[in-house]
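Let's take a walk through this model, strand by strand and helix by helix. Keep the viewer open as you read.

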Amino acid sequence: PKSPCCRFVDHEGVMCGGNVRLVGCRAARSLCALALCVQLHLAFAEKKAKKYGGEGTPPRPNFTFATELNAETFQSQVVKIANGSGNGKQPLYYPLVMFHVSWCKHCRHALPEFEQAAKTITDALGKRSMERLPVPPKFFVLECDSSEAAKIICAKYTTTSYPVLKLFREQHEIRFNRPRIAQTIAWWSTHVSRPLVLEIDTSPAIDSYVQGGVTLFILKADLPKDSAIVHDWGEVAVDYLDEHYYFSRVPSSSEAARKFPDAPYVTVQGRGLEPLPLRGSMDVRALAAWVNHNRFAPVEELDTRRAYDLMMSGVPTVMFVYDSNPACLQLKHDFTEKAKLLRPLGKHLFATLNSSAADNADYLAATFPLVSPKWSSMPRVFVMIGKDVYFESPSFNVTDMSAASIDELMASSEARQDSSAMGWLREKRKITTRFALSSFSGFLTVLLVGLVVTVCPVCCCWMCICALVEPDEDDTPAAKTKKTN
């Protein structure tokens, strides 16, 4: 019997004059496959048009409070201002630019929100309710596909995804990475426009920041003797403008300076923080490393947000994963004590994560599957660094944890897991092996799946070969004899 494709061609009479025998059923199937590919391509193009086109998107606003830019005005109103701030001169504003393209649906939704945020800031400035900001933000928009010159500018300041919002100040770029709604954009623009370094003279002022939940970094300095250190302190502060970290300078002659050792001296105050002393020279690199390490507690109890901060710190973080088992709680205490001994070395950060919480279990399964409750028994200790690299071994435990054993684990290629193809294969091999060794039923399951995975492709290949070499109905000897008669 003819295949559905052959019957379709015969019925429609759209190929070969309605006579499928001229091309054979195999050729008709190929033509049907080609037609299906064309249909899928058209459907994909339609879906893409809906995604980036105009269905359900708001109209482009008439900008009144945000200023539209071109290539020339971008240089004069953004680049010149951004390069001019930070050299001792106070600019009139910090430019906040939204880079967008005309075809982007997300841009079309964000543009009205951006204009509304600009209106909010303009109204606040008119009411003098933002006097605490010496330099206010100013809003600009640049359409990246409006000209070749605009494309060149956007290629320098953006990626391939749009829209991109950036505030320029002190010859730095600060990227907006929050929900693109008017209220959030307006708040963020003032948050990153605040003074880089606050000058604090009294102890109550310091206490008020800490009681408000702020992490406050403090530099006690003598001017002009420590002017170079104060400048470097401001350079470090730029990198944390987007976060809830505040940097301050306490003059040696102030009342607040009495509670600190002789200048120059740095410390930090915040909930759960225990700052380590900064030894050696106070250049920008040493200050940056000290701030990066001391913004975390000796042992952080993680949620997904704090875990992201640890990943982005770039410092190897030793993580203890536990559940509600009483034995785990005792080992957690042992882990904390060892972490406090190792932390002064300044090589690692330390954290704990409760896998009994559903959100944490999902986070582990998605980010560190080999140490998640699904594939591992609790507790587990591993080391993570960056967004997609971690080191784990079932034999690495709290009892043997030391600086040398941590370095040994991180030097092991077998313990390393990352997003590369070899890392993926290593992960699947480890999961398969551990599941097979966990129980007899696990061993049988792995064996059965292995047989299926091995035999099925061979059978499918054999069936395809047989289908290809099988002659069409019209090519059989009986069909040819019937046609001759």
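Phe 99 stands opposite Val 164 in β4, and that pair is a handy way into the sheet. The model is a predicted one, where local features need pLDDT of at least 70, side-chain atom pairs count only at pLDDT 80 or more, and totals for chains, interfaces and linings use all residues. Residues are numbered from 1 along each chain as its sequence is written, and side-chain values use heavy atoms, with hydrogens and water left out.

Strands and helices here are DSSP runs numbered from the N terminus (helices are H or I with at least four residues, strands are E with at least two). Two strands pair if DSSP finds at least two bridges between them. In general, strands of a sheet pair through backbone hydrogen bonds, either parallel or antiparallel.

With that in hand, look at β2, which covers residues 94-100. β2 and β4 pair in the antiparallel sense over four bridges. With β3, β2 runs parallel, and seven bridges join the two; there, Pro 95 has Lys 138 as its bridge partner.

How buried is β2? Seven of its seven residues are buried, so β2 is largely enclosed by the rest of the structure. Buried means under 20% relative accessible area, exposed means over 50%, and partly exposed is in between (1.4 Å probe, protein chains only). In a regular strand, side chains alternate between the two faces of the sheet. For β2, both faces are covered: Tyr 94, Leu 96, Met 98 and His 100 are buried on one side, and Pro 95, Val 97 and Phe 99 on the other.

Now zoom out to the whole sheet. It is open, has five strands in the order β1-β3-β2-β4-β5, and its pairing is mixed. β1 (67-69) and β5 (172-175) are the edge strands, each pairing on one side only. From one strand to the next, the twist averages 30°.

Contact means heavy atoms within 4.5 Å. Axes are lines fitted to C-alpha atoms, for helices over the stretch in contact, and angles run from 0 to 180 degrees between N-to-C directions. Helix α6 (residues 182-191) packs on the sheet too, touching β2, β3, β4 and β5, with its direction at about 120° to that of β3.

α3 also has a helix partner. It packs with α5 (residues 148-157) at an angle of about 40°, the axes being 9 Å apart. That makes α3 oblique to α5; angles under 35 degrees count as roughly parallel, over 145 as roughly antiparallel, 65 to 115 as roughly perpendicular, and the rest as oblique. On the α3 side, Ala 71, Phe 74, Gln 75 and Val 79 meet Ala 149, Ala 150, Ile 153 and Tyr 157 of α5. The residues of this contact divide into seven nonpolar, one polar and no charged. Here Ala, Val, Leu, Ile, Met, Phe, Trp, Tyr, Cys and Pro count as nonpolar, Asp, Glu, Lys and Arg as charged, and the others, Gly among them, as polar.

Six strands make it up, open and with mixed pairing, in the order β10-β12-β11-β13-β14-β15. Its edge strands, β10 (300-301) and β15 (416-417), each pair on one side only. β11 and β13 (residues 380-385) run antiparallel with five bridges between them, and Val 321 stands opposite Arg 380 in β13. Helix α13 (residues 403-411) lies across β11, β13 and β14, at about 65° to β13.

Tyr 322 sits in β11 (residues 317-322) and counts as buried at 5% relative accessibility. What does its side chain pair with? The Tyr 322 side chain makes polar contacts with the side chains of Glu 301 at 3.1 Å and Lys 332 at 3.2 Å. A polar contact is a pair of N or O atoms within 3.5 Å; within protein, one must be able to donate a hydrogen and the other to accept it, and residues adjacent in sequence count only if both atoms are side-chain atoms.
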